[in-house]
Amino acid sequence: MTSKQKKIVSLAASFALIAGTLPAAGAMHIMEGYLSPRWCAIWGVLALPFLIAGFFSIKKTLTRDRKAITLLAMAGAFIFVISSLKIPSVTGSCSHMTGTGLGALLFGPSAVSILGVIVLLFQAIMLAHGGLTTLGANTFSMAIAGPFVSFGIYKLLQKLKVNKMVSVFAAATLGDLFTYCVTSLQLAVAYPSPDGGVAVSAAKFLGVFAPTQLPLAIVEGILTVVIMIALESYARPELRSLGFEEV
């Protein structure tokens with residue numbers, strides 16, 4: 001293992017250590033039992049094709065460059081750590097950063113679905129953060145919808161010749177916010193407002209999420225930029241092998 005790879009592994013280990021010392025919290029993604037069996041099944045079925053695509057995406061990346069597993073592990077650790085930092089926001093859920101934008105930019109959005117479901121499964125079992133029955137819904141919002149938006153925004157801004165790090169910031173920030181737009185929709189369709197249906201319910205959920213999620217999304221964007229700068233300093237060959245340097 002080269003010196004640069006050791007530094008990346010140390011960074012990932014540091015994230016894991018921080019996660020292990022986080023205080024317990026009662027807040028969650030969408031918590032166990034909060035969605036009906038019908039909606040749990042629907043979101044699980046919708047997430048399944050993306051998970052299959054993510055498996056083959058990761059397999060292809062690691063077949064092409066085995067050393068990419070180091071950055072893959074770091075991206076997973078980053079998702080785990082910052083998505084474990086929770087701020088209570090609304091009954092049945094919470095506000096927190098997602099961390100999925102980084103992985104989407106490095107490996108593509110499909111690969112992040114696998115990283116995300118692993119993180120969500122671990123959090124549900126070990127940290128009581130989220131739930132097994134709501135795993136499909138949480139995976140769709142945090143590990144599928146958000147990463148695809150982050151990836152799409154980054155590619156669009158790069159075509160418009162926007163500064164790379166500004167593009168990274170915008171992608172991570174807006175991907176985080178979109179995750180909570182999808183979460184609000186998931187909660188709204190499960191619990192529509194008696195007075196205005198799904199639209200009114202979604203607006204109410206978004207209104208409660210917004211005060212905490214907006215600043216958290218900005219912080220996530222900044223953190224993602226800082227990590228990208230660090231990677232360009234210490235892992236430029238690895239980034240080039242992933243195609244990130246060419247964008």
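This is a predicted model: local features need pLDDT of at least 70, side-chain atom pairs count only at pLDDT 80 or more; totals for chains, interfaces and linings use all residues.

Helices α2 and α5 are roughly perpendicular to each other, because their axes cross at roughly 105° and angles of 65 to 115 degrees fall in that class.

**Helix α2 against helix α5**

- Helix α2 covers residues 37-64, and its axis comes within 7 Å of the axis of α5.
- On the α2 side, the residues that meet α5 are Phe50, Leu51, Ala53, Gly54, Phe55, Ser57 and Ile58.
- On the α5 side, the partners are Ser110, Ala111, Ser113, Ile114 and Val117.
- By class, this contact of α2 with α5 contains eight nonpolar residues, four polar residues and no charged residues.

**Helix α4 against helix α5**

- Helix α4 spans residues 100-107 and helix α5 spans residues 109-126.
- The axes of α4 and α5 come within 7 Å and cross at roughly 135°.
- That angle makes α4 oblique to α5.
- The crossing of these two helices, α4 and α5, is right-handed.
- Thr100, Gly103, Ala104 and Phe107 of α4 meet Pro109, Ala111 and Val112 of α5.
- Sorted by class, the contact of α4 with α5 has five nonpolar residues, two polar residues and no charged residues.

**Helix α5 against helix α6**

- Helix α6 runs over residues 135-159; it packs with α5 at an angle of about 145°, and the two axes are 9 Å apart.
- The crossing in which α5 passes α6 is right-handed.
- From α5, the residues in this contact are Pro109, Ser110, Val112, Ser113, Gly116, Val117, Leu120 and Leu121.
- From α6, they are Leu135, Asn138, Thr139, Met142, Ala143, Ile144, Pro147, Phe148 and Phe151.
- The contact of α5 with α6 comprises 12 nonpolar residues, five polar residues and no charged residues.

**The chain as a whole**

- The protein chain contains nine helices and two strands.
- Along the sequence, these elements follow the pattern α-α-α-β-β-α-α-α-α-α-α.
- Of the 247 residues in the protein chain, 53% are buried.
- Among contacts between residues at least 6 apart in sequence, 77% join residues at least 24 apart.

**Helix α3**

- Helix α3 comprises residues 68-83.
- At 1.5 Å a residue, the 16 residues of α3 should span 22 Å, and this agrees with the 23 Å between its end C-alpha atoms.
- Helix α3 is mostly covered, with 14 of its 16 residues buried.

**Threonine 100**

- Threonine 100 is found in helix α4.
- Is threonine 100 buried or exposed? Threonine 100 is buried, because its relative accessible area is 1% and the cut-off for buried is under 20%.
- Leaving out residues up to four places away in sequence, threonine 100 touches Ile79, Val112, Met142, Pro147 and Glu220.

**Threonine 173 and isoleucine 218**

- Threonine 173 is found in helix α7, whereas isoleucine 218 lies in helix α8, which covers residues 197-234.
- Threonine 173 is buried, with a relative accessible area of 8%.
- Isoleucine 218 counts as partly exposed, at 41% relative accessibility.
- Apart from neighbours within four places in sequence, threonine 173 is in contact with Ala217, Ile218 and Gly221.
- With neighbours set aside in that way, isoleucine 218 is in contact with Phe169 and Thr173.
- Threonine 173 and glycine 99 are 74 residues apart along the chain, and their C-alpha atoms are separated by 9.7 Å.
- Isoleucine 218 and aspartate 176 are 42 residues apart along the chain, and 8.9 Å separates their C-alpha atoms.

**Lysine 161**

- Lysine 161 is found in the loop between α6 and α7; helix α7 covers residues 164-190.
- Most residues other than glycine have a negative phi.
- Lysine 161 has a positive phi of about 65° although it is not a glycine.
- Lysine 161 is exposed, because its relative accessible area is 74% and the cut-off for exposed is over 50%.

Notes
Residues are numbered from 1 along each chain as its sequence is written. Side-chain values use heavy atoms; hydrogens and water are left out. Axes are lines fitted to C-alpha atoms, for helices over the stretch in contact, and angles run from 0 to 180 degrees between N-to-C directions. Helices (H or I, at least four residues) and strands (E, at least two) are DSSP runs, numbered from the N terminus. Angles under 35 degrees count as roughly parallel, over 145 as roughly antiparallel, 65 to 115 as roughly perpendicular and the rest as oblique. A crossing is left-handed if the near helix is turned anticlockwise from the far one by less than a right angle, and right-handed if clockwise. Contact means heavy atoms within 4.5 Å. Ala, Val, Leu, Ile, Met, Phe, Trp, Tyr, Cys and Pro count as nonpolar, Asp, Glu, Lys and Arg as charged, and the others, Gly among them, as polar. The expected span of a helix is 1.5 Å times one less than its number of residues. Buried means under 20% relative accessible area, exposed over 50%, partly exposed in between (1.4 Å probe, protein chains only).
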